[in-house]
Amino acid sequence: MKPVKIAMVSLTHGHTRKYYQTLRDNEKLDWVASCAADRCAKEVYDLYHTGVPCYLSIEEMFEKHPDIEAVVLASTNDRHLEEMRECARRGVHILSMKIPTFDLCEYDEMIRLVDEAGIVCQIELELHYNPVVHRLKELIASGTVGRILSMQATNITLSPVWAFPWQGVPEASYGRRVPLREGDARFRGGALCDHPHIFDLIRHLTGSEFESVYSVVAPNLRPELEVEDMILCNGTMKNGVTFLFDPSWSRMEERLTVPAPGWEVFPKRMQVDVTIIGEEGTIVCDCFGPNVYHNGAPNDRYTVQYTYFDEWIGLVDEFVNCIRNGGTPEINLKWHRKTIECMNACYESIRTGLPVKVEETGSSEE
Amino acid sequence: MNIESMNEKLQLLLEKYMPGRRAEVEADSSVGCGAVLCRDGKCVRLLPWRVERRFTELKAVTENGTLEGISTLRFAAMSAEVNLRDLLYRELDLCEFLGQSELHSAFAVVSGSGIANVLVKLADGKSASIECSAALPENTPAQDRHEIIARRGVASDRVVDTQVPQSSIYLFRKEGERCYTDVDSELYGLEYREIWIVRAAFAVIRLPVLAALWNRTDLLLRRKVDAVLNTAEVGRPVFFSEVLA
């Protein structure tokens, strides 16, 4: 299969390092250009010596490289719509970061743009391609634990805000400045926005959609942030499955401006642990374990060295396959909308202090 | 639980440290730890987790400056033997014991009679999550986790990058695997759960003021458990100041 000529835009997302490696190493991709959001992002990009030309204007990048077939939109959430418009206009396929937008009017415009342009738009939820998740799905589908009754999951990480400051800026992360609730100095746009994965996963595992959700925030571990960093949610799916999620930034970090070894203070910088309780058994699983461990450089601190980490292979396989063979990615804009609706409902629950019905609002078909 | 063995060990402790004193634990089927202390014709409700070493160690690191600025408690308890109310009773008490603040509000979602996913707010603003399941299959060892997350430091009774409790000894033979976790020399031979009931009984005998405190706490905890489980029915969080007024 002919490699897809791909570019990367903005370079300010938390997964940029992973994409530098993926775009360089994956034989299904031909990385032809990059475009930085600003000079600062370009300076960081230059540290990686990719050898791939980097521009400061998306128009210039497309003009110099008219053969670009697809882009990774590694930008702040508030720029996604504008960049999708540009891609749709040019018929360029899109690998979108995990939050296309929280604004459902914008979201529906994205759906329309992609449909009208006939392009592939895949949402980057790499957990979907994790081998432990694959096994988990298989175990559930084969009836190992019977009918699912409940799911608990963490999607807890360090906070990327020191390297990617926009993730602590409400306008850039959530799209606008919305107070968490009356009397709270914080705004929407923090840890929750970084962690849609488990909200997506439960839909796959249960085959059901969200019914209602309740959410609370705790005092921030990083008081200087304007956004929430400790948040918990529980709720019910339409088929009666109950859940409890922790999507917090509860693992502390060194405040590095460029991610590097020694970033983590807590030994394990990211944890996705899932418990599935069924009528006939219980599964507990760690999607990123076991690993190897060291207490060497740079901080001589006991550290979990992530060892099995190949999600981006399956992710790129699906993206390229959809482009070359005309398919629709499983996590596409329309599918992902219900995940975003639930995350918005979490914020609404924090505002009201009550459980909130997760209702479909402003569907693209309306 | 083997009440006879537990009472033998309790008498050993009393003879060693408080000669002449008599007391016994009795099985108790109402909500709680499964046993009460009986002495001088009165019963004392026991809160054995308050003397369980892993919890006293966790409490110590919350109080001695090891952890600073506690934000969130993440608790989980799964059991094949203990019912949901008893699990929730213990975990709610641990929220207050380790969180150093009273319960303020809570909301639960419940699956059947054995599973509850609860979010709790403490009066000082801390959050807590409690994952309770009495749905483990028969003969499955109890699983739990108690993690305290602070601005400075995280403390937990589980090892980083592991999912299940560790044992002190693993014995591998062709007949299968066996694990042993022995944590108390004086009470050697008792099961883990039994040890802390005996230790709790002994603590009350040594420090009689605990009797009234724990009996009072028990009364409140029963009402809190009912109130939390009721939130799943009514679809609204409970504010404990209203329930306990």
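Tutor: A:Ser150 has A:Thr242, in strand 11 of chain A, as its bridge partner. This pair belongs to strand 7 (residues 148-154) and strand 11 (residues 242-246) of chain A, which run parallel and are joined by five bridges. Two strands are said to pair if DSSP finds at least two bridges between them. Helices (H or I, at least four residues) and strands (E, at least two) are DSSP runs, numbered from the N terminus.

The model is predicted: local features need pLDDT of at least 70, side-chain atom pairs count only at pLDDT 80 or more, and totals for chains, interfaces and linings use all residues. Residues are numbered from 1 along each chain as its sequence is written, while chains are lettered from A and ligands numbered from 1 in the order in which they are written.

Axes here are lines fitted to C-alpha atoms, for helices over the stretch in contact, and angles run from 0 to 180 degrees between N-to-C directions. A contact between two residues requires their C-beta atoms, placed from the backbone, to lie within 7 Å.

Helix 11 (residues 333-352) of chain A also packs with helix 5 (residues 104-117) of chain A, at an angle of about 170 degrees and with the axes 10 Å apart. Helix 5 and helix 11 of chain A are therefore roughly antiparallel to each other. For such angles, under 35 degrees counts as roughly parallel, over 145 as roughly antiparallel, 65 to 115 as roughly perpendicular, and the rest as oblique. Helix 5 of chain A contributes A:Tyr107, A:Met110, A:Ile111 and A:Val114 to this contact, and helix 11 of chain A contributes A:Leu333, A:Lys334, A:Arg337 and A:Ile340. By class, the residues of this contact of helix 5 with helix 11 of chain A are six nonpolar, no polar and two charged. Ala, Val, Leu, Ile, Met, Phe, Trp, Tyr, Cys and Pro count as nonpolar, Asp, Glu, Lys and Arg as charged, and the others, Gly among them, as polar.

Helix 5 of chain A has a further partner in helix 4 (residues 80-90) of chain A; their axes come within 9 Å and cross at roughly 10 degrees. Helix 4 and helix 5 of chain A are therefore roughly parallel to each other. On the side of helix 4 of chain A the contact uses A:Leu81, A:Met84, A:Arg85 and A:Ala88, and on the side of helix 5 of chain A the residues include A:Met110 and A:Val114.

The domain assignment divides chain A into domain 1 (4-126) and domain 2 (130-309 + 332-357); such bounds come from an automatic or database domain assignment. The centres of the two domains of chain A, taken over C-alpha atoms, are 24 Å apart. Their contact takes 23 residues from domain 1 of chain A and 22 residues from domain 2 of chain A. Helix 2 (39-47), helix 5 and strand 6 (121-123) of chain A each supply at least two residues of the side of domain 1 that touches domain 2. Helix 5 of chain A gives the largest share of that side, four residues.

Beyond strand 14 of chain A, the loop between strand 14 and strand 15 (292-294) holds A:Pro290, which is joined to A:Gly289 by a cis peptide bond with omega of about 0 degrees. The loop between strand 15 and strand 16 (303-305) of chain A contains A:Pro298, and a cis peptide bond with omega of about 5 degrees links A:Ala297 to A:Pro298. A:Asp300 is also found in the loop between strand 15 and strand 16 of chain A. Although A:Asp300 is not a glycine, its phi is positive, about 55 degrees. A:Asp300 is exposed, with 10 other C-beta atoms within 10 Å. A residue is buried if 20 or more other C-beta atoms lie within 10 Å of its own, exposed if 12 or fewer, and partly exposed in between, with C-beta atoms placed from the backbone.
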